[in-house]
Every structure is written in C-alpha cells, then in structure tokens.
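Here are my notes for your read-through. Keep the model open and follow the points in order.

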Amino acid sequence: MLLSLVAGTSLAQYDGLSAEDKGLAIAREADRRDLGWGDSSATMNMVLRNRQGDESVREMRNKALEVADDGDKSLIIFDEPRDVRGTALLTFSHRVGDDDQWLYLPALKRVKRIASSNKSGPFMGSEFAYEDISSQEVEKYTYRYLRDETLNGQDCFVIERDPVDEDSGYSRQIVWMDKAEYRVQKVEYYDRKDSHLKTLTFHDYQQYLNKHWRAQRLEMVNHQTMKSTTLTFADYTFANGFDDREFNQSGLARMR
C-alpha cells in the first residue's frame with residue numbers, strides 16, 4: 001500500500017491509512033519529488049543574533065552531491081570573517097546509522113571528527129545543530145500524521161517525526177508541509193525533556209530545473225536562549241559535475 005503511494009500524488013490515496021502510515025507516506029512522497037537533482041552549489045550568508053539583538057555575519061559556500069541509495073554529501077566552506085576563514089564542514093549523511101561529519105579548523109590546522117554524541121551541539125555558534133546540517137533522510141525518523149492546517153495561507157499537512165538516533169538532541173519534531181508541492185514550511189523542535197526548543201521557518205522558495213524547490217532563506221529561533229540564526233542562500237547552480245573527489249576529508253585543509 002505504501003509503495004503505491006509514492007507513484008502518485010492524489011490526496012485521496014491517503015484515505016484509510018493509520019496516522020503512522022500516512023505520516024510515512026507523506027514523507028516518502030516529499031522525498032520522491034526531490035530526487036534527481038544530482039549536485040548543487042550556492043553561496044550562504046549566516047547572521048547570528050544574541051538575545052540582545054546584536055548581530056554577527058558569516059559568509060560561506062556550499063556544495064552538495066546526491067548519492068544513490070544513501071544520504072547526500074555536503075561541504076560548507078567559510079570565507080568571512082577572517083577569524084573563521086578556511087573552516088570547513090564535510091558531511092556524509094546516511095539513511096541508516098550515524099552520519100559522518102568532519103570539521104577542519106585552520107587555527108588548529110587539524111580535522112576534527114564530530115562524534116555522534118556531539119551532533120546536537122551548535123554548528124559554529126549558530127542555532128543550527130550539526131544534525132540539522134545533515135540531509136534529512138526519510139529513514140532517520142518514525143512518523144505520525146497529526147492534522148491538516150493552514151499556515152500563511154497554504155494548506156499543509158502537519159506530521160510528527162521522531163528521530164531514530166538515540167544521540168539526537170531532539171525527542172520529536174513537528175513539521176508543516178504544504179500540500180501543493182510537499183515543501184517543508186516550518187519545523188518545531190522539542191528537546192529531550194520534550195520542551196519546545198527551536199522553530200525553523202522556510203521562506204522565498206524558488207524552483208530549479210523545473211522540479212526542485214529550494215528555500216532562499218531559513219530562520220531558526222531558539223526559544224530557550226532567545227538567540228536566532230538567519231541563513232540566506234544565493235547563486236544556486238546545478239549540474240556542476242561534482243563527484244566524490246570534491247568531498248574528501250583528507251582534502252579539507254586545502255579547501256579555498
């Protein structure tokens with residue numbers, strides 16, 4: 001039954017499913033719609049705000065590679081400010097098992113592997129955790145459909161997804177996904193004590209290659225620390241010809 005759902009998009013196909021099966025079917029359909037993008041690159045602007053509203057800005061570049069039958073690979077390289085220039089995060093996401101992440105710190109001139117127990121830690125002082133940077137593979141969660149709800153004028157599915165990884169910093173996440181294109185519009189994150197920790201919202205979606213939607217701006221707000229991070233993407237390009245050689249931990253120190 002679930003396998004037949006990924007081949008079509010009629011909402012009537014969800015009728016009669018349990019909340020768990022419906023949540024999983026929606027997640028699989030969203031994943032199916034974004035298959036085939038190959039590789040991409042973009043520039044990134046990160047604005048960090050403390051609880052007083054003071055801001056610091058970072059400029060980065062991002063490369064990503066779609067991997068058949070596994071999670072995606074990504075590389076983030078910091079260009080500005082000067083004190084973080086050359087810092088690089090390499091991520092190998094996996095559908096099953098722990099993701100692999102390595103952080104190159106130019107001040108120390110060494111590559112640091114991010115342990116699974118540290119994936120919930122903040123990425124470079126931002127409100128994004130290391131686990132948020134990994135691609136969100138369907139198999140990373142169990143699912144439950146909660147309700148339909150209108151968000152910012154868009155008819156959305158609201159589903160709960162619970163991380164499978166025991167080292168995750170989250171007990172659960174509530175996801176708003178629009179019914180028109182299966183794009184994530186909002187995610188609420190709950191900590192291990194099941195308190196509302198953060199909210200991530202997605203803005204200014206644009207379509208590439210007549211199929212693939214990418215949000216141009218992400219807003220992450222931490223409700224417990226009152227800090228926030230805005231991540232803005234620009235200059236998206238696809239079909240760059242990237243391969244595994246672009247995503248190599250031994251080459252992190254030479255990234256420019």
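1. Start with a definition. Two rings of Phe, Tyr or Trp count as a pair if their centres lie within 6.5 Å. This is a predicted model, and it holds 13 aromatic pairs. A pair of aromatic rings is described by the distance of the centres and the angle of the planes.

2. Take Tyr208 and Phe238. Their ring centres are 5.4 Å apart. Their planes meet at 40 degrees, so this pair is tilted. Tyr208 belongs to strand β11 (residues 196-208) and Phe238 to strand β13 (residues 228-238). The pair therefore ties together parts that are 30 residues apart in sequence. Both Tyr208 and Phe238 are buried.

3. Now look at Tyr236 and Phe238. Here the centres are 5.9 Å apart. The planes lie at 15 degrees, and planes under 30 degrees apart count as stacked. Tyr236 and Phe238 are both buried. One aromatic cluster is formed by Tyr208, Phe233, Tyr236 and Phe238.

4. Rings also meet charges. The charged end of Arg161 sits over the ring of Tyr141, 4.5 Å from the ring's centre. Arg183 lies over the face of Tyr205, with 5.2 Å to the ring centre.

5. Next, the nonpolar cores. In soluble globular proteins, nonpolar side chains tend to be buried together. The largest nonpolar core has 50 residues. Which of them touch the most other members? They are Ile26, Phe123, Leu200, Leu218 and Leu231. Leaving out residues up to four places away in sequence, Leu218 touches Phe128, Leu200, Thr201, Phe202, Thr229, Thr230, Leu231 and Phe233. Another core, of 11 residues, lies apart from the largest one. Among its residues are Leu90, Tyr104, Phe242 and Phe247.

6. Turn to the second largest pocket. Its volume is about 340 Å³. The lining has 21 residues. Gly97, Asp99, Glu131, Lys140 and Asp165 lie nearest the centre of this pocket.

7. Is Ser228 buried or exposed? Ser228 has 15% relative accessibility, so it counts as buried. This residue is in strand β13. Ser228 touches Val47, Leu48, Arg49, Glu127, Met220 and Val221, not counting residues up to four places away in sequence.

8. Compare the loop between β3 (73-80) and β4 (88-92), where Asp83 is found. Asp83 has a relative accessible area of 65%, so Asp83 is exposed. The C-alpha atoms of Asp83 and Ala107 are separated by 8.4 Å, and the two residues are 24 apart along the chain. Pro81 also has its place in the loop between β3 and β4. The peptide bond from Glu80 to Pro81 is cis, with omega near 0 degrees.

9. Finally, check the backbone angles. Most residues other than glycine have a negative phi, and most peptide bonds are trans. Asp69 has a positive phi, near 65 degrees. It lies in the loop between β2 (55-65) and β3. At 67% relative accessibility, Asp69 is exposed. Asn210 is not a glycine, yet has a positive phi of about 60 degrees. Asn210 is in the loop between β11 and β12 (212-222). With 74% relative accessibility, Asn210 counts as exposed.

Conventions: Residues numbered from 1 in each chain as written. Predicted model: local features only at pLDDT ≥ 70, side-chain atom pairs only at ≥ 80, totals over all residues. Heavy atoms only, no water. Phe/Tyr/Trp six-rings, centres within 6.5 Å; stacked < 30°, edge-to-face > 60°. Helix = DSSP H or I, 4+ residues; strand = E, 2+ residues; numbered from the N terminus. Buried < 20%, exposed > 50% of the residue type's maximum accessible area, 1.4 Å probe, protein only. Lys NZ or Arg CZ within 6 Å of the ring centre and 35° of its normal. Core = buried A, V, L, I, M, F, W, Y, C linked by side-chain atoms within 4.5 Å. Contact = heavy atoms within 4.5 Å. 1 Å grid on protein atoms, 1.4 Å probe; cavity = no way out; pocket = protein on both sides within 12 Å on 5 of 7 lines; lining within 4 Å. Points joined across faces, edges and corners; volume = space filled by probe spheres on them.
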